[in-house]
Protein chains: 2
Amino acid sequence: MMTDQAPTLTIYGDSISGNCLKVKFVADRLGIPYDWIETSVLQQRTRTAEFLALNPAGQVPVVKLADGRVLSQSNAIMLYLADGTKIIPTDDFARAQMYQWLFWEQYSHETAIAVLRFRTVYLKIPVEQMEPSLRPRCIAALELMDSHLAQRHYFVDEMLSLADIALVAYTRFAPEAGLVLPPRVAQWVHRVEDDLKLEHLG
Amino acid sequence: MMTDQAPTLTIYGDSISGNCLKVKFVADRLGIPYDWIETSVLQQRTRTAEFLALNPAGQVPVVKLADGRVLSQSNAIMLYLADGTKIIPTDDFARAQMYQWLFWEQYSHETAIAVLRFRTVYLKIPVEQMEPSLRPRCIAALELMDSHLAQRHYFVDEMLSLADIALVAYTRFAPEAGLVLPPRVAQWVHRVEDDLKLEHLG
């Protein structure tokens, strides 16, 4: 990112990981300068002693602040970077709804769609060798999103929030795993991609 | 709960679920009156049309506010109820660390320990029929916690926070699944149980 400010933030991330891209999307949206340290999961760069000293959980993304303090978990990092900005609702209940979608994303969406995509695209595991419940769980997650979007343009409070950024990260990759985005989800992905100045993947 | 205030909060929860108990622990800690509607997962009470209208994800806990608004996801509900109270750190970075543990809990801890316990205790599935990685993932989660507690009494900022409440909910049930709590984790469980006025299970 070109900026006059010197980076004070280091992002350790894997460019193929939606979880890592979430952090990039938020930093770019808010104009926060950063250094990106490419850290490949497939090449086991998250398993080195050096990386495990940063994050004992052995997961990307991780951010290091200018003073050396370290934070992990994509949605926690987003909440930290975006604190007090327009992509977090100020209303208490709307903010709670945003938290609800952030936790749902990590518990029910990422664990289905990101896993199916990683196994399909990067591990090249044949579909018949995957657990039978994986694809149905992906479809159920997308249908739940489609239903929620029936009367809304964004997930919470009719504004772009961290809920949309968290959910779009892997949803826009879902077609790579052979999943078909329901119509309202596809429209919402384009909307959020436009807001974040991302290319349309679908 | 005995209180002079009329309940304004309805909690739909299953008493055997750590996720549901988290919400009870926070409400009790903060003196928030509530009605508890027992909603059994095993008896499929989360699959009725009435319940799915409350939460299309079909999961407990769910809370309904006095004005009828509904919120799901245990950690999101805790964040809503505890907003502005002493169990959420006021320092930005400490709060971010709390978020980090909340997301780690849902992604790496609950998905191991709660699942092993549910399959062992409630579904009575023999250990040899479970996925081989499940128990090692539980042990890794407990070891990561033990390591973090080497120089701390609480997970964040040397104070009881939502991080401790989220993590204690299923950690104190782990021995039911035949897991042995590492020493510092066992001491921390007792500490948090005392703080929350809970009985010592271990």
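When two helices pack, the angle between them runs from 0 to 180 degrees between their N-to-C directions, and their axes are lines fitted to C-alpha atoms over the stretch in contact. Keep that in mind for this predicted model, in which helix H3 (residues 74-82) of chain A packs against helix H4 (residues 92-122) of chain B at an angle of about 160°. The axes of this pair are 8 Å apart. Angles over 145 degrees count as roughly antiparallel, which is why H3(A) is described as roughly antiparallel to H4(B).

**The helix pair across the chains**

- The crossing of H3(A) and H4(B) is right-handed.
- From H3(A), the contact is made by Asn75(A), Ala76(A), Leu79(A) and Tyr80(A).
- H4(B) brings Asp92(B), Ala96(B), Tyr99(B), Gln100(B) and Phe103(B) to this contact.
- Sorted by class, the residues in the contact of H3(A) with H4(B) are six nonpolar, two polar and one charged.

**The side of chain B that touches chain A**

- Here 24 residues of chain B are in contact with 24 residues of chain A.
- On the chain B side, S4, H3, H4 and helix H5 (134-148) each supply at least two residues.
- H4(B) gives the largest share of that side, with eleven residues.
- The residues of the side of chain B that touches chain A comprise 13 nonpolar, eight polar and three charged.

**Helix H3 in chain B**

- Helix H3 (residues 74-82) of chain B is mostly covered, with eight of its nine residues buried.
- The buried residues of H3(B) are Ser74(B), Asn75(B), Ala76(B), Ile77(B), Met78(B), Leu79(B), Tyr80(B) and Leu81(B).
- Their cover includes helix H4 (92-122) of chain A.
- From chain B itself, the cover includes helix H1 (18-30), strand S3 (62-64), strand S4 (70-72), H4 and helix H6 (162-171).
- After H3(B) comes Gly84(B), which has a positive phi, near 80°.

**Chain A as a whole**

- Chain A holds seven helices and four strands.
- Following the sequence, you would read the pattern β-α-β-α-β-β-α-α-α-α-α in chain A.
- A compact globule of 202 residues would have a radius of gyration near 17 Å, and chain A agrees because its value is 17 Å.
- Taken along the principal axes, the box filled by the C-alpha atoms of chain A is roughly 45 × 40 × 30 Å.
- Of the 202 residues in chain A, 41% are buried.
- Among contacts in chain A with a separation of 6 or more, 68% come from residues 24 or more positions apart.

Key. Residues numbered from 1 in each chain as written. Chains lettered and ligands numbered in written order. Predicted model: local features only at pLDDT ≥ 70, side-chain atom pairs only at ≥ 80, totals over all residues. Parallel < 35°, antiparallel > 145°, perpendicular 65-115°, else oblique. Left-handed = near helix turned anticlockwise from the far one by under 90°. Contact = placed C-beta atoms within 7 Å. Nonpolar A, V, L, I, M, F, W, Y, C, P; charged D, E, K, R; others polar. Rg over C-alpha atoms; globule rule 2.2 N^0.38 Å. Buried ≥ 20, exposed ≤ 12 C-beta atoms within 10 Å, placed from the backbone.
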